[in-house]
Every structure is written in structure tokens, then in C-alpha cells.
Amino acid sequence: MKKPFENKKQYDPGRLTSKISFVSFETVDTPSGGTVETETVLLSTWAGKDKVSDYNQMAIQAGASVENKPTYFVIRNRDGFYPDKTMVVKTSDNLKWQILGIVDLDNPITYIQMLCVLSK
């Protein structure tokens, strides 16, 4: 029996072709009195990468613009891991992306879509 609120949107797993990593950065004090920023990889996975339309109002309201190259990354949901806005997405070409928004694509959660912009 189908539920009236059931989400019928499906995502093709064959579109998960980009290798990405979720990274957190921490500032650590050095013995000499300075600080060093360390990078910790939280998860490496495959993701779908989709360009955001220049006229997408939801993306514009979230802070995306043509200059910062808004992009949607879609990943499979994993037990014990859920992305948040404090994480940075790092692609295989060493570009860093800031997460602006996170949306579950279906119910129960199978895929997660993230609106990201290129970090400076």
C-alpha cells in the first residue's frame, strides 16, 4: 500500500561518478607558540555532481551566485554519518566546497543532496 505522502523521486546510482571527501579543519597550537591548521578526512565517497541553474531561487536565497559556482553534490545515506554545514567537501581535483544547504531526497533517506559553493 502506497502512502499518500510517499516521495516518488528516484536518483540513479550510476550518476555517482565524482570522488569526494568530507573534511573538518582544526587549529592546533605548535610547541613554538604558533598555530597550524590540520585537516581530518571524515568520509571519502562517490557523489553525483550537478550544476545549479543560474535562476534557481532556492540556491540564490541560500547565498549561491554565478561567481562562486554553485553545485549540487548527491551522496548515498550512510549509517553513522550525516553531513553538516561545518564540514568542507573536497573533490579529487583538490577544490574545496562550502556546504550551504542539505536536503534529504527521499523517505526513508537513501540519498542526500547538498548545495555547495566554491570556497576561497
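This is a predicted model: local features need pLDDT of at least 70, side-chain atom pairs count only at pLDDT 80 or more; totals for chains, interfaces and linings use all residues.
Me: Which parts of the chain does the pair of Phe22 and Phe81 tie together?

Reply: Phe22 belongs to strand β1 (residues 18-29) while Phe81 sits in the loop between β3 (71-76) and β4 (88-91), so the pair links parts that are 59 residues apart in sequence. Phe22 is buried at 0% relative accessibility, and Phe81 is buried as well, at 14%.

Me: How should I read the pair of Phe73 and Trp97?

Reply: Their ring centres are 5.6 Å apart and their planes stand at 75 degrees, so this pair is edge-to-face. Because Phe73 is in strand β3 and Trp97 in strand β5 (residues 96-104), the pair connects parts 24 residues apart in sequence. Phe73 is buried, at 0% relative accessibility, and Trp97 is buried with a relative accessible area of 3%.

Me: Which residues have the most contacts inside the largest nonpolar core?

Reply: In soluble globular proteins, nonpolar side chains tend to be buried together. Here the largest nonpolar core has 14 residues, and those with the most contacts inside it are Phe22, Phe73, Ile75, Val89 and Met114. Strands β1, β2 (35-51), β3, β5 and β6 (111-118) each supply at least two of its residues, with β6 giving the most, 3 residues.

Note on methods
Residues are numbered from 1 along each chain as its sequence is written. Side-chain values use heavy atoms; hydrogens and water are left out. Helices (H or I, at least four residues) and strands (E, at least two) are DSSP runs, numbered from the N terminus. Buried means under 20% relative accessible area, exposed over 50%, partly exposed in between (1.4 Å probe, protein chains only). Rings of Phe, Tyr and Trp (its six-membered ring) pair if their centres lie within 6.5 Å; planes under 30 degrees apart count as stacked, over 60 as edge-to-face and the rest as tilted. A nonpolar core is a set of buried Ala, Val, Leu, Ile, Met, Phe, Trp, Tyr and Cys residues joined through side-chain atoms within 4.5 Å.
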